[in-house]
Amino acid sequence: MDKEELLEYLETNSGVKDKFMEKALDYQNEKNQKRPFAKRWNETKLNELLIKCLVPS
């Protein structure tokens, strides 16, 4: 099983990706609330950050 097959298997047969995204989004939202109002990130930027964390390079 190569890397792509493993990632595909985990995505279809496991809730790990969804659980990670949920917890990471909660963490980033909490972190975002501590930023000064003018420097807070919008939802799009937060989602892009989570996708970067999820997608292996």
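View 1. A salt bridge here is a side-chain nitrogen of Lys or Arg within 4 Å of a carboxyl oxygen of Asp or Glu. By that rule, this predicted model holds one salt bridge. Its partners are K17 and E11, whose closest N and O atoms lie 3.6 Å apart.

**View 2. Helix α2 packed with helix α3.** Here you see α2, residues 16-33, packing with α3, residues 43-54. The angle between the two helices is about 135 degrees, and their axes are 10 Å apart. That angle makes α2 oblique to α3. The crossing of α2 past α3 is right-handed.

**View 3. The residues in the contact of α2 with α3.** Which residues of α2 and α3 make the contact? From α2 come K17, F20, M21, A24, L25, Q28, N29 and N32. On the α3 side, look for L46, N47, L49, L50, C53 and L54. Sorted by type, the residues of this contact are nine nonpolar, four polar and one charged. K17, listed here on the α2 side, is also the residue that forms the salt bridge with E11.

View 4. E8 sits in α1, the helix of residues 3-13. Is E8 buried or exposed? With a relative accessibility of 56%, E8 counts as exposed. Follow the chain from E8 to I51 and you cover 43 residues in sequence; in space, their C-alpha atoms are 16 Å apart.

Definitions and conventions: Residues numbered from 1 in each chain as written. Predicted model: local features only at pLDDT ≥ 70, side-chain atom pairs only at ≥ 80, totals over all residues. Heavy atoms only, no water. Axes fitted to C-alpha atoms, helices over the stretch in contact; angles between N-to-C directions. Helix = DSSP H or I, 4+ residues; strand = E, 2+ residues; numbered from the N terminus. Parallel < 35°, antiparallel > 145°, perpendicular 65-115°, else oblique. Left-handed = near helix turned anticlockwise from the far one by under 90°. Contact = heavy atoms within 4.5 Å. Nonpolar A, V, L, I, M, F, W, Y, C, P; charged D, E, K, R; others polar. Buried < 20%, exposed > 50% of the residue type's maximum accessible area, 1.4 Å probe, protein only.
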